[in-house]
Amino acid sequence: MRKKISIIGSGFVGSTTAHWLAAKELGDIVLLDIVEGVPQGKGLDLYEAAPIEGYDVRVIGSNDYADTANSDVIVVTSGAPRKPGMSREDLIKVNANITRDCISKAAPLSPNAVIIMVNNPLDAMTYVAAEASGFPKERVIGQAGVLDSARYRTFIAMEAGVSVEDIQAMLMGGHGDEMVPLPRFSTIGGIPVSEFIPADRLEAIVDRARKGGGEIVNLLKTGSAYYAPAAATAQMVEAVLKDKKRVVPVAAYLSGQYGLNDMYFGVPVILGAGGVEKIIELPLNDDEKALVQKSADAVRSTLETLKTL
């Protein structure tokens, strides 16, 4: 029997994730949304591409959570963008309510699934999803580090004039401005990145990676990134469904690791069929520890805001 993946939210990120997953033939796909006709239309369109691209998976769109039953992976992309006049607290409240609604309906129908969260603010919404699902914490994870590290690796490749395939880069922390790139753990073909790129240029690359999402928003004028976020999500789904044991940064629940407790935070993990199978604790120096703590404080602040709403 083929694996089953449900994607809640059929906007650009959700539907593009479905596209990547179908192309990889990772499993049958349910694209779910509250808007009548949109997931059905996108699902059918994607399914009609199967004879051309040669992928033997079924893709359907639905407005009914019953169609997501017995999923192996549930991806949640549903969420509201921040609108003019909307405070940070307003956005957190709106997306927390959306997340609770989605998870409370989907999780009971797929009690053995791994949940991958993609909506923002990422670390806080993953925390909400874990509470709403009641799942073991290792089976509820957030997608951020895979995307942020992809941007970081892209910019390193551009600067060094090398293949993106030869770059390994690790980072930690919250998504976006709070992320903590770790140049000391970044290599090109196994060679330290510092051998290719001087410190000042590397710092500029780090800064650009932090602001990668905002850069695309500014270029598009309306909307935000979706190709890379969807590809990052698909990579995580593949790691789970194929039990690949990938070493990647994800938002994982911490219970003492890196001195942090009761929060979701971006850390390197081994990602496989069980979700987060191991959290990897890197030997950070004092400067790196300070940056991680600053990022953790920002994530904690969002969590505290969430708890007061």
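A search of the whole structure, which is a predicted model, finds one cavity of 30 Å³ or more. The largest cavity has a volume of about 40 Å³.

**Cavity lining**
- Residues lining the largest cavity include Ala 144, Asp 148, His 175, Met 179, Ala 251 and Gly 266.
- Helix H6 (145–160) and strand S8 (171–173) each contribute at least two lining residues.
- S8 gives the largest share of the lining, three residues; Leu 171, Met 172 and Gly 173 are among the lining residues.
- By class, five of the lining residues are nonpolar, five are polar and one is charged.

**Strand S4 and its neighbours**
- S4 pairs with strand S1 (residues 4–8) in the parallel sense, over four bridges.
- Within that pairing, Val 75 of S4 is the bridge partner of Ile 7.
- S4 also runs parallel to strand S5 (residues 114–117), joined by four bridges, and Ile 74 stands opposite Ile 115 in S5.
- Val 73 and Val 75 point one way from S4, Ile 74 and Val 76 point the other way, and all are buried.

**Thr 77**
- Thr 77 counts as buried because its relative accessible area is 16%, under the 20% cut-off.
- A polar atom of the Thr 77 side chain lies 3.1 Å from the backbone oxygen of Gly 9.
- Leaving aside residues up to four places away in sequence, Thr 77 touches Ile 7, Ile 8, Gly 9, Val 13, Gly 14, Val 118 and Asn 119.

Methods:
Residues numbered from 1 in each chain as written. Predicted model: local features only at pLDDT ≥ 70, side-chain atom pairs only at ≥ 80, totals over all residues. Heavy atoms only, no water. Buried < 20%, exposed > 50% of the residue type's maximum accessible area, 1.4 Å probe, protein only. Polar contact = N/O pair within 3.5 Å; in protein donor to acceptor, adjacent residues only side chain to side chain. Contact = heavy atoms within 4.5 Å. Pairing = 2+ DSSP bridges. 1 Å grid on protein atoms, 1.4 Å probe; cavity = no way out; pocket = protein on both sides within 12 Å on 5 of 7 lines; lining within 4 Å. Points joined across faces, edges and corners; volume = space filled by probe spheres on them. Nonpolar A, V, L, I, M, F, W, Y, C, P; charged D, E, K, R; others polar.
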